[in-house]
Amino acid sequence: YPAYQRLLFAIPNGARLYGNAAQRAIQWRKLEREGAVKGAADLLLAIPSGDYGGLFIEMKTTAKHSKQSKYQAQFEKDAVAHGFGYAMPRTIDDFMGVVINYLEKGEY
């Protein structure tokens, strides 16, 4: 979908913070002032499709420890309540299937 290549983008909430706990807290507060939100999905496909205004995508791995945080679960709930889709693919094939189904069928 080359026409949409600029409309699938990362949400850089996963920035690595460095230093001790106090230094990391200061860095996070700065990111929050810039718009970072705890739990925001990794990607946004900013294309309406079907009944959805866009699709948030939270990438996970197949590892057992790869789970949603409480902040991610709340973000999902809020996004869905406001008319967005939310998917959590675990492999590249899952990711591609989610995007194709969303764009072609309006579902994920």
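Leaving aside neighbours within four places in sequence, Gln72 is in contact with Gly39, Glu58, Lys60, Lys67 and Tyr86, where contact means heavy atoms within 4.5 Å. Gln72 lies in helix 2, residues 70-81; helices (H or I, at least four residues) and strands (E, at least two) are DSSP runs, numbered from the N terminus. At 13% relative accessibility, Gln72 counts as buried. Buried means under 20% relative accessible area, exposed over 50%, and partly exposed in between, with a 1.4 Å probe and protein chains only. The model is a predicted one, in which local features need pLDDT of at least 70 and side-chain atom pairs count only at pLDDT 80 or more, while totals for chains, interfaces and linings use all residues. Residues are numbered from 1 along each chain as its sequence is written, and side-chain values use heavy atoms, with hydrogens and water left out.

Glu58 forms a salt bridge with Lys60, with the closest N and O atoms 3.5 Å apart. A salt bridge is defined as a side-chain nitrogen of Lys or Arg within 4 Å of a carboxyl oxygen of Asp or Glu. Side chains of opposite charge can pair when their charged atoms come close. A search of the whole structure finds one salt bridge. Both partners are buried: Glu58 has a relative accessibility of 2%, and Lys60 has one of 12%.

The overall fold was described next. The protein has three helices and four strands, and read along the sequence these follow the pattern β-α-β-β-α-β-α. The C-alpha atoms fill a box of roughly 45 × 30 × 30 Å, taken along the principal axes. Of the 108 residues, 29% count as buried. Among contacts between residues at least 6 apart in sequence, 62% join residues at least 24 apart. The protein exposes about 7,300 Å², of which carbon and sulfur atoms supply 56%; accessible areas come from the Shrake-Rupley method with a 1.4 Å probe, and for residues only the protein chains shown count as cover.

In soluble globular proteins, nonpolar side chains tend to be buried together. A nonpolar core is taken here as a set of buried Ala, Val, Leu, Ile, Met, Phe, Trp, Tyr and Cys residues joined through side-chain atoms within 4.5 Å. The largest such core has 11 residues in all: Leu43, Leu45, Ile47, Leu55, Ile57, Ala87, Phe95, Val98, Val99, Tyr102 and Leu103. At least two residues of this core come from each of strand 2 (43-45), strand 3 (55-57) and helix 3. Helix 3 gives the largest share, five residues. A second, separate core of seven residues includes Ala40, Ala41, Phe75 and Ala79.

Val98, found in helix 3, is buried with a relative accessible area of 13%. Not counting residues up to four places away in sequence, Val98 touches Leu55, Ala87, Glu107 and Tyr108. Val98 and Leu55 are 43 residues apart in sequence, and their C-alpha atoms are 9.5 Å apart in space. With the same exclusion of residues up to four places away, Ile57 touches Leu8, Ala41, Asp42, Leu43, Ala87, Pro89, Phe95 and Val99.

Rings of Phe, Tyr and Trp (its six-membered ring) pair if their centres lie within 6.5 Å; planes under 30 degrees apart count as stacked, over 60 as edge-to-face and the rest as tilted. By this rule the count comes to five aromatic pairs. The rings of Phe56 and Phe75 have centres 4.9 Å apart and planes at 90°, so this pair is edge-to-face. Phe56 lies in strand 3 and Phe75 in helix 2, so the pair ties together parts that are 19 residues apart in sequence. Both Phe56 and Phe75 are buried. Phe56 also forms a tilted pair with Phe84, at 5.4 Å centre to centre and 55° between the planes. Phe84 lies in the loop between helix 2 and strand 4 (85-87), so this pair ties together parts that are 28 residues apart in sequence. Phe56 has a relative accessibility of 11%, whereas Phe84, at 27%, counts as partly exposed. Ring pairs also link Tyr52, Tyr102 and Tyr108 into a cluster.

On the surface, Tyr1, Tyr4, Leu7, Ile92, Met96 and Ile100 form a nonpolar patch with about 550 Å² of accessible area together. Patches are made of residues with over 30% relative accessible area and no salt bridge, with like charges joined within 9 Å and nonpolar side chains (Val, Leu, Ile, Met, Phe, Trp, Tyr) within 5 Å. Ile92 is found in helix 3, residues 92-105, and counts as exposed at 55% relative accessibility.
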